[in-house]
Amino acid sequence: MNKKYDVIIIGAGPAGYAAAIRCAQLGLKTACIDKSLDKEGKPVYGGTCLNWGCIPSKALLDASQKFVDARDHFAEVGISVGKVSVDVPKMISRKDDIVKGLTAGIAGLFKGNNVEALPGTGKLLADRVVEYVQHNGSTENLSADNIILAPGSQPIDIPPVPLADNVVVDSTGALEFESVPKRLGVIGAGVIGLELGSVWSRLGSSVVVLEALKDFLPMVDQRLSRDALKAFKKQGMDIRLGARVTASKATKKQVAVIYEDAEGEHQVKFDKLVVAVGRKPAINGILAADCGIVPDDRGFLSVDEFCATNIPNIYAVGDTVRGPMLAHKATEEGVMVADRIAGQKTMVNYDCIPSVVYTHPEIAWVGKTERELKKEGVKFNVGSFAFNANGRAMAANDTDGLVKVLADAESDRILGVHILGNQASELIAQAVIAMEFDASAEDLGLTMFAHPTLSEAVHEAALSVSGHAIHMLNRKRK
Ligand code: FAD
Ligand code: NAD
């Protein structure tokens, strides 16, 4: 007889671990299988996000920004420091400590909530049976009334640029450099390319980013992406758009990259090269041929709006299914599925997923862009407010960027909010809450915001939708 559970989850990233904890909270007998091992070969939970993604990248982004502030900006506010230097091994080990603390936290939460943590690999067989292979090779079959597939994603590789030990790396490798590379190449000006490119550029690398598309950050509001590109170039990142990489040759010490753009073929040499051209579902080996689930052409598992697959009581969540590959989206899907297994009616609002690029300035948005609304034929009004007119931004010596609020021309309902600036990642939450409650720009305008705060820029942008911002001259008044 197979050991039996109410729910088995494969994968303990933000989707899987959140699902596991919520299932257990709701009284379901829950097991969560995850194959990840840390640098010392010990099982770890938390998936890409905690181990090789969100958290370690933000630890390095925050540390490297502190370095830039000390080196370039302290003097501007009247603080003198001697020559500022970087201790890369210490930065990396601090990052590792943060990861360790958080992943140990997940193990603790599993224990405290009675989630059975099963280190090893899971594979979905037919009839809601999961083959569980431990790291020592020992194998058993487990059964469950419900199964949640949450195996996450992995970097895409491109044939012209195979990874080459310690010289050509993916995002995981770019979190582990032992010293600051003199010349760093990044392929892909997406979220990972810009975040990790920023880290090493701030620490002193000469960074060249090669991006195949002609448009910079096409999913971002056009004004914001234009201003962001200017800011990143000013910081020293050499971002080359319309650059198609055709070949590379790596030695032990450097890599030569050939790319083509409108002007022809070019060669450029780097000490390290990061390939950051997107991620794909990590479904290798997770589905037995007769399990009834077939991935689509791009490897995604097809699900409905409640993350149910075509097989009853089998669900898939997180990066493995449609929608943005974001940790918070993965978590909310995991929680929704757990709730629904327990009979509740929880839903995810896919129209209200915030996105953030953690560069400096940060870029954050929720809802529709102007381009999308125009394409859909929706009439809308725009309000905006620049941080250079915000007292708190001036006090903080950080005035780049702006807030934009897009509201329906008829109903005034907020359709999108776009922020470029310091703390945009925090400010966007206000817009998400407003949109979750179907707020109008006027609702936000009639809300009181503490003074002096960066949030007042959100307030003023909402007021400016109708031409009533207080701290700027309004061009149009309604
Ligand atoms: P994952 O986190 O990938 O977890 C899946 C887990 O399942 C893994 O531990 C994997 O080992 C395990 N697994 C897979 N197959 C099996 C199997 N057969 N058996 C057992 N276990 C298995 N998102 C944000 O929202 N904000 C950010 O700031 C951010 N920064 C990022 C930075 C980087 C460098 C990267 C790479 C990603 C970043 N992301 C960020 C994306 C985020 O990490 C993912 O969206 C998120 O981790 C997806 O969660 P998940 O649970 O679906 O999958
Ligand atoms: P991405 O899709 O954001 O960007 C990849 C970029 O590479 C694109 O601009 C694409 O045009 C370009 N590209 C693709 N092939 C290329 C080629 N051959 N040559 C040159 N450029 C090429 O992907 P990513 O940056 O790898 O990130 C993967 C996922 O991880 C994203 O979906 C993102 O949601 C998630 N992530 C999120 C955050 C965050 O929320 N802050 C941070 C990191 C990663």
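## Exercises: a cavity and a helix pair

The largest cavity has a volume of about 50 Å³. This is a predicted model, where local features need pLDDT of at least 70 and side-chain atom pairs pLDDT 80 or more, while totals for chains, interfaces and linings use all residues. Residues count from 1 along each chain as written, chains are lettered from A and ligands numbered from 1 in written order, and side-chain values use heavy atoms, without hydrogens or water.

**Exercise 1.** Work out what lines the largest cavity.

*Step 1.* Count: the structure holds 1 cavity of 30 Å³ or more.

*Step 2.* Read off the lining: Pro155, Ile156, Ser171, Ile192, Val275, Ala276, Val277, Gly278 and Arg279.

*Step 3.* Sort by class: 6 nonpolar, 2 polar and 1 charged. Here Ala, Val, Leu, Ile, Met, Phe, Trp, Tyr, Cys and Pro are nonpolar, Asp, Glu, Lys and Arg charged, and the others, Gly among them, polar.

**Exercise 2.** Describe how H3 and H6 pack.

*Step 1.* Find the helices (DSSP runs of H or I, at least four residues, numbered from the N terminus): H3 covers residues 54–73 and H6 residues 191–202.

*Step 2.* Take the axes, lines fitted to C-alpha atoms over the stretch in contact, with angles from 0 to 180 degrees between N-to-C directions. The angle is about 35 degrees, and the axes lie 9 Å apart.

Technical notes: Helix = DSSP H or I, 4+ residues; strand = E, 2+ residues; numbered from the N terminus. 1 Å grid on protein atoms, 1.4 Å probe; cavity = no way out; pocket = protein on both sides within 12 Å on 5 of 7 lines; lining within 4 Å. Points joined across faces, edges and corners; volume = space filled by probe spheres on them.
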